[in-house]
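Hi,

Here is the structure I promised to pass on. Please open it beside this email and follow along.

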Amino acid sequence: MDFTLSNEHKLLQEMYRKFAETEVKPLAEEVDEEERAPMETVEKLAKYGMLGIPFPKKYGGQGADNLAYSMCVEELGKVCATTSVIVSAHTSLCANPIYEFGTEEQRMKYLVPLAKGEKIGAFGLTEPGAGTDASGQQTKAVLDGDNWILNGSKIFITNAGFADIFIIIAMTDKSIGTKGISAFIVEKDFPGFSIGKHEKKMGIKGSSTCELIMENCIVPKENLLGQVGKGFGIAMKTLDGGRIGIASQALGIGEGALDETIKYVKERKQCGKRLSQFQNTQFEIADMKTTLDAAQLLVYRAACCKDAKGNYGPLAAMAKLFAANTASDVTRRCLQLHGGYGYTREYPIERMMRDAKITEIYEGTSEVQKMVVAASLKVN
Amino acid sequence: MKIVVCVKQVPDTTEVKLDPVTNTLIRDGVPSIINPDDKAGIEAALQLKEKLNDGSTVTIVSMGPPQADVALREALAMGADEAYLLSDRAFGGSDTFATSTIIAAGLKKVGYDIIITGRQAIDGDTAQVGPQIAEHLGIPQASYAEEINVEGNKVVVKRQYEDRHHILELPIPCLVTALAELAAPRYMSVAGCFDAYRAKEVKTLGFEDLKDGFDPANIGLKGSPTNVFKSFTKQAKGAGEIHKEISAEDAVATIIAKLEERHII
C-alpha cells in the first residue's frame with residue numbers, strides 16, 4: 001500500500017491549484033453574491049481538459065482517471081464550491097453514464113462534445129415526490145413510433161440553466177416498479193422540453209438549480225440510454241460515481257476553510273497574542289486537519305477503486321458520508337475561530353459554511369449513504 | 001521547423017537568501033519553477049507551432065541537476081513535443097560561459113531551426129547565456145523579444161528598447177531571447193500532465209553524450225572564468241526625476257545643483 005501520489009497526479013495537483021487560485025478564487029465571492037454561474041470559468045475549464053478528465057481520448061476526454069477527476073473537484077472546491085459542482089455534475093452525472101451505458105453512436109454524438117466541454121451536461125432524477133425515494137418516479141415515457149414521448153417534471157437539477165444535454169430518468173412501465181424505469185438522453189432543444197423555476201439556495205449560489213418540464217417532449221428512440229427497464233440501475237450506478245465527485249467537493253470546501261483559517265489565526269491578535277498561539281486554536285486546527293486527511297484518504301480510495309473497476313459503491317458512500325459531515329463540521333469550527341469577522345461577508349468563511357451543508361444532502365443524503373453502507377454489510 | 005526552447009529551473013522567489021560563507025543561493029525549502037522569461041518563451045514557441053501548423057515541433061532543453069526533470073515535464077504538459085535534460089556531475093559549478101558551452105553542444109546534438117531562450121533568469125539575472133549560446137553556434141541573435149513571427153524563411157522579432165522598439169529580421173537558424181511580456185503562459189492541460197509522464201520522455205544527455213561538442217576544459221567549475229567574489233543585496237534605487245523640455249544650460253545647472261546638494265562635487 002502506497003499513499004503517495006504518482007508523478008502525473010502531483011503535476012496535475014500543481015496545475016489545478018494554480019488554476020483555482022488564479023482563475024476561480026477571484027470570482028468566488030461575486031458568483032455567490034450575484035447568484036450567477038461563472039460561465040467564463042466554464043470555458044477555461046473546457047480549454048484545459050477539466051470537463052472530460054476520466055474519459056478516453058477517443059471520446060474527447062483527457063485519458064486520465066477518476067483520481068485525477070476527484071483531485072480536480074477537490075482543488076476547485078477549496079476556493080469555489082459553485083465551480084466544483086459544475087464539474088462534478090457534468091462529469092459524473094451526465095458524461096459518465098453515457099460513457100458507461102451508452103452505445104458507440106451515443107458516445108460519439110454526446111460524450112465527445114461533453115468531454116471536450118463544448119456541451120454541458122446535467123442529470124434529471126429527482127422529482128417533487130421522488131427524492132430519497134427515487135423509485136417513486138412520476139415522469140412517464142411512452143413509445144410512439146420512432147419516438148419516446150416524455151411527460152412530467154424534475155426539480156433541483158444542477159447545471160440545468162445552462163446545460164445542453166440531460167440524462168432523464170422516467171417510468172416506462174409503472175406496473176413493474178423500479179424494473180419499469182428507463183433512462184434517456186435529452187437535448188435541451190427537443191420539442192416539449194423546457195427549464196422551469198430557478199431555485200434560490202442557501203449555498204452554492206452560483207450553481208444553477210432548476211426545474212425541468214417535459215410536456216409531450218419528443219425524444220428519438222435511439223436516445224434511450226441502456227435498455228428499457230434498466231434506468232433505475234443506471235441512475236443508482238451513476239449516483240455511486242457522483243458521490244466520489246461530491247465527496248471531493250466536500251473535502252475541498254473543508255480544506256479551503258482550514259487554509260483560510262490558518263492564515264487568519266496567524267494574523268489576528270487578541271489578548272496580546274496571535275490566535276495561533278492559543279492552545280485552543282492549535283488543538284482545533286490539529287483536530288480538523290486530522291479529520292480532513294482521513295476524509296481525503298476515503299475519497300481517494302473510492303476514486304482509485306473505481307479506476308481499478310472494483311466495487312466502489314460502498315466506498316463512495318463512506319467517503320461522501322464522512323467528507324460531507326467533515327465539511328459541515330470543519331467550516332462551522334473555522335467560522336468560530338474567526339469570531340465576529342467570520343460571520344461577516346468580508347471573509348469567505350461564512351460562504352464556505354453555507355456551501356458545505358448541501359454536500360450532506362444532494363446525490364444521496366447522509367442517511368442514504370448509511371443505508372448503502374449497511375446494505376453492503378448485508379445489514380438490512 | 002524545429003523550435004527549441006532553453007529553460008532553467010529557478011527558485012520561486014526573487015528574494016532567496018544567500019549563504020554568507022559560500023556566496024551561493026540557499027535553495028532548500030524554496031519551491032522551484034520554470035524561469036518566467038523562459039516560460040514565456042515556451043508559450044511563444046507553442047503559439048508559433050500552432051500558427052505555422054506545418055508539422056513544426058517544440059523541443060525543450062535544460063541544463064541542471066536531475067530534479068530539473070519536473071520543469072521539463074511541466075513544459076511537456078503545456079504541449080511541448082520532446083525534452084532533453086543536460087545533466088552530469090561534470091557540468092556542476094558552471095558559470096554562464098561554461099553553461100552556454102554545454103547547452104550549445106546539446107543544441108548541436110538535438111538540432112534546431114529557431115532557438116528561444118529567456119532573456120535572463122530570476123536567480124542569476126545575467127542575461128548572458130542566451131547570447132553566448134548564439135555566439136558558440138555562430139548564428140544571429142535578437143534579444144529582448146516582445147514578439148516573434150515567422151515570415152517566409154525569416155524570423156521577425158520586435159525587440160524592446162528603453163524608449164523604442166526595433167523590428168529585426170533574422171535568417172534561420174537564429175536565436176531569440178524572450179521577455180516575460182512576450183506571451184502569457186498557458187496552464188498545463190489534464191491530458192498534458194498524464195502524457196508528460198506516460199507518453200513522453202525526458203531524455204538525459206550527459207558528459208559522454210556531449211563531449212564531442214565542447215572542449216572539456218571549458219565546462220564545469222574548472223572551465224568557468226567567473227568567480228563570485230562577494231554577493232550582497234542591492235539597495236533599491238530611487239525613481240529618479242525627469243525634466244523635460246528644458247534648455248541645455250538649465251539642464252546643466254540642475255545637475256550641478258543636485259550634485260552639490262549631495263556633496264558629490
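**A helix residue to start with**

Start in chain B, where B:I256 sits in helix α7, which covers residues 248-261. Keep in mind that this is a predicted model.

Is B:I256 buried, partly exposed or exposed? Its relative accessibility is 35%, so B:I256 counts as partly exposed. The cut-offs explain this: buried means under 20%, exposed means over 50%, and partly exposed lies in between.

B:I256 also belongs to a nonpolar surface patch.

**Where the chains meet**

Now turn to the contact between chain A and chain B. Chain A brings 22 residues to the contact, and chain B brings 17 residues. Together the chains bury about 1600 Å². Carbon and sulfur atoms give 67% of that area.

Next, look at the polar side of the contact. There are 6 residue pairs in polar contact between chain A and chain B, with both residues at pLDDT 80 or more. The count of salt bridges between the two chains is 3. One of them joins the side chains of A:E8 and B:R198, at 2.6 Å from N to O. Helix α1 of chain A, residues 7-33, gives the largest share of the chain A side that touches chain B: 12 residues.

Best wishes

Key:
Residues are numbered from 1 along each chain as its sequence is written. Chains are lettered from A and ligands numbered from 1 in the order in which they are written. This is a predicted model: local features need pLDDT of at least 70, side-chain atom pairs count only at pLDDT 80 or more; totals for chains, interfaces and linings use all residues. Side-chain values use heavy atoms; hydrogens and water are left out. Patches are made of residues with over 30% relative accessible area and no salt bridge: like charges are joined within 9 Å, nonpolar side chains (Val, Leu, Ile, Met, Phe, Trp, Tyr) within 5 Å. Accessible areas come from the Shrake-Rupley method with a 1.4 Å probe; for residues, only the protein chains shown count as cover. A salt bridge is a side-chain nitrogen of Lys or Arg within 4 Å of a carboxyl oxygen of Asp or Glu. Helices (H or I, at least four residues) and strands (E, at least two) are DSSP runs, numbered from the N terminus. Buried means under 20% relative accessible area, exposed over 50%, partly exposed in between (1.4 Å probe, protein chains only). Contact means heavy atoms within 4.5 Å. Buried area is the accessible area (1.4 Å probe) that two parts lose on being put together, summed over both. A polar contact is a pair of N or O atoms within 3.5 Å; within protein, one must be able to donate a hydrogen and the other to accept it, and residues adjacent in sequence count only if both atoms are side-chain atoms.
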